[in-house]
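Hi,

Here is the structure I said I'd pass along.

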Amino acid sequence: MTGKIKAAVLGATGMVGQRFVQLLEKNPWFRLEVVAASERSAGKKYSEAVRGGFPMEFSEETANLEVQPLNPKKLKDKDVEVVFSALPADVAYKVEEEFAREGFIVLSNASSHRMEVDVPILNPEVNWEHHILVDEQRRRRKWDGAIVTNPNCSTAILTLSLKPIMDNFGLKRVVVSTMQAVSGAGYPGVPSLDIIDNVVPYISKEEEKVQAESLKIMGSPEKPASFKISASCHRVTTIDGHLEAVFVETDEKVKPEDVVDVMVKFRSEPQKLNLPTAPQPPIHVRFEENRPQPRLDRMAGGGMAVVVGRIRKDEVFDGVKYVVLGHNLIRGAAGCSVLNAELLKAKGYI
Ligand SMILES: NC(=O)c1ccc[n+]([C@@H]2O[C@H](COP(=O)([O-])OP(=O)(O)OC[C@H]3O[C@@H](n4cnc5c(N)ncnc54)[C@H](OP(=O)(O)O)[C@@H]3O)[C@@H](O)[C@H]2O)c1
C-alpha cells in the first residue's frame, strides 16, 4: 500500500460515496484513508453508517473505518492529499472551498461550483485539456488546492457520446430525452409511491444542467460551445443506469455508418495515457435492434464506458439519432471523478 496517494471521501455513506469507496479500494494510485459524512454518521463504523437499500460489498478494513466529520485539519493530520466529494450541493459549496483553501485537491460531484469560470467540469475523454483552468483558479483564488468538478450524470453520458461526432462532423443542434434511474436522486430519493408503476416527467434543474454543462464542457476552456441543445429529463423505475435518446444535426452531412465508425474508433487522452480507470474503449457500439438496455449494459467497461445503439438516420434533423446508456453512479459520478484525479496526477497537479 505504501506509495499510494492518500484520499478521503466526503459524503461516503450515500449513493455516490459508496461507489467512490468501492472504486478506491482497488485503485492502484489512490488509497482510501478516510470516510467522512454528516454528524449523524460521524463516530459510527462505516458498515453501520452506509445508507441502506443497496448493500455494496466492502473489504473488512473499509467496513471497520470510523466515519469522520468534515474537518480539513483532521484530514491533514492523516496526510490526505485528495478529497472526493459526494456531498449535496448546498453543503458542498462552502465545505469544498474550505478544503481547497487548506490545499486539498477536491474532486466534486456536486453542482455548486460547476458553472464558475475558473472551475473545470471535466469529463476526461471529452475535455481533458480544461484541466488548465486549475492554474487560473489558483491564481484568482490564491489557494494551493483546487476544485475540479465532474458533470451531472446525464451530461457525462451524453457528452462522451457526442464528442467523436463533434470532432469529426461538427454539431449544430442536439435534442436529448433522458430516462434516468432512481439512484440518481440519492438515498432515499424519490418516494416509492411516486415512482413505482410510474414515470415522473420532471427532475428539478436537470434540463438546465444538461444544457449549460454540455456547452461548457464541449467548448474551449474560455468559451462555451455554440451549438443549440434542448433536453427533456424523466425519472423512470430503473435502479442504476441512465438511458438517453439523442437527436443530432451536424455541420457536415453525415450517414449513420460514419457515426458508427467514429464512435468505434474513438480514443482520447485517458486511453492514450492508459489511466487505471480509463475504459478501453470508452464507447461501445451495439448493433442489435434492442440494445442498449440498463440491466444488460450499464456495467460496460466496469461502468465507465457508455453504450450506444440504434444509430440511424433522423429525417427531421437531416442527421442521426441514437440511444446512449451509462451508469449514473460510475461514469456519471464517482468513476468520472476518480478518472479526473488520475488525469490530474498524470498532468502533474497531484
Ligand atoms: N446519485 C447520482 O447518480 C449522482 C450523479 C452525479 C452527481 N451526483 C451528486 O453527488 C452528490 C451526492 O449524491 P448522492 O446521490 O450520493 O446523495 P445521497 O445518497 O443523499 O448522499 C449524500 C451524502 O452526503 C452526506 N451529507 C448530507 N448532508 C450532510 C451534511 N450536512 N454534512 C455532511 N455530510 C452530509 C450524507 O451523509 P449522512 O449519511 O451522514 O447523512 C451522505 O453521505 C450530490 O451533490 C448529487 O447531486 C449524484
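Helix α1 is mostly covered, with nine of its eleven residues buried. Those buried residues are Met15, Val16, Gly17, Gln18, Arg19, Phe20, Val21, Leu23 and Leu24. They pack against quite a list of elements: the strands β1 (5-10), β2 (30-36) and β3 (82-85), plus the helices α2 (46-49), α3 (60-63) and α14. Bear in mind that this is a predicted model.

How do α1 and α14 cross? The axes of α1 (residues 15-25) and α14 (residues 330-346) come within 9 Å and cross at roughly 45 degrees. An angle of 65 to 115 degrees would count as roughly perpendicular and one under 35 degrees as roughly parallel, so α1 is oblique to α14. The crossing of the two is right-handed. On the α1 side the contact is made by Val16, Arg19, Phe20, Leu23 and Leu24, and on the α14 side by Ile330, Ala333, Ala334, Gly335, Ser337 and Val338. Sorted by class, that contact of α1 with α14 has eight nonpolar, two polar and one charged residues.

While you're looking at α14, click on Cys336, which is found in that helix. Is Cys336 buried or exposed? Its relative accessibility is 0%, so Cys336 counts as buried. Setting aside neighbours within four places in sequence, Cys336 is in contact with Leu122, Asn123, Pro124, Asn150, Pro151, Met304, Ile330 and Arg331. For a sense of distance, Lys216 is 120 residues from Cys336 in sequence, and their C-alpha atoms are 17 Å apart in space.

The crossing of α8 with α11 is right-handed. Which residues of α8 and α11 meet? From α8 come Ser161, Pro164, Ile165, Asn168 and Phe169, and they meet Asp258, Val259, Val262 and Met263 in α11. By class, the contact of α8 with α11 has six nonpolar, two polar and one charged residues.

Another residue I'd point you to is Glu96, in helix α5 (residues 89-101). With a relative accessible area of 0%, Glu96 is buried. What does Glu96 touch? Not counting residues up to four places away in sequence, Glu96 touches Ser85, Val106, Ser108, Ala110, His113 and Ile147. Pro270 lies 174 residues from Glu96 along the chain, and 25 Å separate their C-alpha atoms.

Finally, the chain as a whole. The chain has 14 helices and eleven strands. The C-alpha trace spans about 60 × 50 × 35 Å along its principal axes. A compact globule of 350 residues would have a radius of gyration near 20 Å, and the 19 Å of this chain agrees with that. Of the 350 residues, 57% count as buried. As for contacts in the chain with a separation of 6 or more, 76% of them are accounted for by residues 24 or more positions apart.

Cheers

Note on methods: Residues are numbered from 1 along each chain as its sequence is written. This is a predicted model: local features need pLDDT of at least 70, side-chain atom pairs count only at pLDDT 80 or more; totals for chains, interfaces and linings use all residues. Side-chain values use heavy atoms; hydrogens and water are left out. Axes are lines fitted to C-alpha atoms, for helices over the stretch in contact, and angles run from 0 to 180 degrees between N-to-C directions. Helices (H or I, at least four residues) and strands (E, at least two) are DSSP runs, numbered from the N terminus. Angles under 35 degrees count as roughly parallel, over 145 as roughly antiparallel, 65 to 115 as roughly perpendicular and the rest as oblique. A crossing is left-handed if the near helix is turned anticlockwise from the far one by less than a right angle, and right-handed if clockwise. Contact means heavy atoms within 4.5 Å. Ala, Val, Leu, Ile, Met, Phe, Trp, Tyr, Cys and Pro count as nonpolar, Asp, Glu, Lys and Arg as charged, and the others, Gly among them, as polar. The radius of gyration is taken over C-alpha atoms; the globule rule is 2.2 Å times the number of residues to the power 0.38. Buried means under 20% relative accessible area, exposed over 50%, partly exposed in between (1.4 Å probe, protein chains only).
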